[in-house]
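Me: I would like to learn how to read a two-chain model, one feature at a time. Could you give me the general idea in each case and then show me how it applies here?

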Amino acid sequence: MVPLWMYLLVAAALFCIGAYGVLSRRNAVAILMSVELMLNAVNINLIAFWRYLTPQNMSGQAFAAFVFVIAAAEAAVGLAIIISVYRSRRSVVVEDVNLLKG
Amino acid sequence: MLELNAQSIGFLVFSVFTIGGGLGVVTSRNLIHGALFLILSLFGAAGLFVLLSAEFLAAVQVLVYIGAIAILIIFAVMLTRSMTRLSEVFNRQWWLSAVVAVGLFVLILVGVILPVFGGMDTASVAPDVATTVDLGVALVDGNQYVLPFEVASILLTAAMIGAIVIARDNE
């Protein structure tokens, strides 16, 4: 089998790519896509640790399933907010959404 | 190094899909291309799940992520059409973000991966793993995950209602 650290390396790289996207992109939809990448990296880590450390116990897969649920809820609400903001401000650039800025 | 068998070749291919798709998402100027790269990345992750013998989660990955979330994102891209090709993709702090991301990667590398690095002897990994049946039982077993399962159901319902209320036209 492929050793555990290779999976961890792939997941770490994916997480950092997603973090860079969240911090640097201007379009809110692109930021949401980068968040999805980060959640996927977390899932790869969870399942890799489950497979290598406790394959008889279902906790790793169960937690990965809950991460799926959170990701689906987050995408639905996030895209609804983006569409609502676009309707009122005609923009999805996060710097233009400054209504709550003091 | 890594001996070449079907599993390691599959791992390399799916890793390239995952990371290459991620890079495409972050760098592509056209968001439709970004969404397609996202699908590639999610597909690579599903392949990694299969290699880790989590077949059910791989199927859920394809159904929920590629089938629902990626399509939802493509819908959002098309509804915000004038924003699809911004002249400036990155904000002014993009170099600072790059420093933070690389720093985070180095931190994970030193803190998490280095302690388990070189563990090439995978013979000790248990060959028999829990199956999808065990996952299904665990999710509805009163001693295991039935409460988080129900809370997740309520969360999904709340998110659905919230998304409808937020995105609805008020006029």
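Me: How many residues of chain A are in contact with chain B, and how many of chain B with chain A?

Reply: This is a predicted model, in which local features need pLDDT of at least 70 and side-chain atom pairs count only at pLDDT 80 or more, while totals for chains, interfaces and linings use all residues. Residues are numbered from 1 along each chain as its sequence is written, and chains are lettered from A and ligands numbered from 1 in the order in which they are written. As to the general idea, the size of an interface is often given as the accessible area lost when the parts come together. Here the count is of residues instead, where two residues are in contact if their C-beta atoms, placed from the backbone, lie within 7 Å. On that basis, 65 residues of chain A are in contact with 75 residues of chain B. On the chain A side, the elements that give two or more residues are α1 (4–24), α2 (28–53) and α3 (59–89), and the largest share, 20 residues, comes from α3(A).

Me: What classes of residue make up the side of chain A that touches chain B?

Reply: The classes are set by residue type: Ala, Val, Leu, Ile, Met, Phe, Trp, Tyr, Cys and Pro count as nonpolar, Asp, Glu, Lys and Arg as charged, and the others, Gly among them, as polar. By that scheme, this side of chain A has 49 nonpolar, eleven polar and five charged residues.

Me: What does the radius of gyration say about chain A?

Reply: The radius of gyration is taken over C-alpha atoms, and the reference value for a globule is 2.2 Å times the number of residues to the power 0.38. A compact globule of 102 residues would come out near 13 Å, whereas chain A has 17 Å. The C-alpha trace of chain A spans about 50 × 25 × 25 Å along its principal axes.

Me: Why is α2(A) described as largely enclosed?

Reply: Burial is judged by counting neighbours: a residue is buried if 20 or more other C-beta atoms, placed from the backbone, lie within 10 Å of its own, exposed if 12 or fewer, and partly exposed in between. In α2(A), 21 of the 26 residues are buried, so this helix is largely enclosed by the rest of the structure.

Me: Which residues touch the most other members of the largest nonpolar core?

Reply: In soluble globular proteins, nonpolar side chains tend to be buried together. A nonpolar core is defined as a set of buried Ala, Val, Leu, Ile, Met, Phe, Trp, Tyr and Cys residues joined through C-beta atoms within 7 Å. The largest one has 78 residues, of which A:V29, A:I47 and B:I73 touch the most other members. At least two residues each come from α1, α2 and α3 of chain A and from α1 (6–27), α2 (31–51), α3 (55–79) and α6 (146–167) of chain B, with α2(A) giving the most, 15 residues. Leaving aside neighbours within four places in sequence, B:I73 is in contact with A:V29, A:L32, A:M33, A:L79, B:A35 and B:L38.

Me: Is A:G78 buried or exposed?

Reply: A:G78 lies in helix α3 of chain A and counts as buried, with 22 C-beta neighbours inside 10 Å. The C-alpha atoms of A:G78 and A:L32 are separated by 7.3 Å, although these residues are 46 apart along the chain.

Me: Where is A:R90 found, and what is its phi?

Reply: A:R90 is in the segment after α3 of chain A, and its phi is near 60°, a positive value in a residue other than glycine. A:R90 is exposed, with 11 other C-beta atoms within 10 Å.

Technical notes: Helix = DSSP H or I, 4+ residues; strand = E, 2+ residues; numbered from the N terminus.
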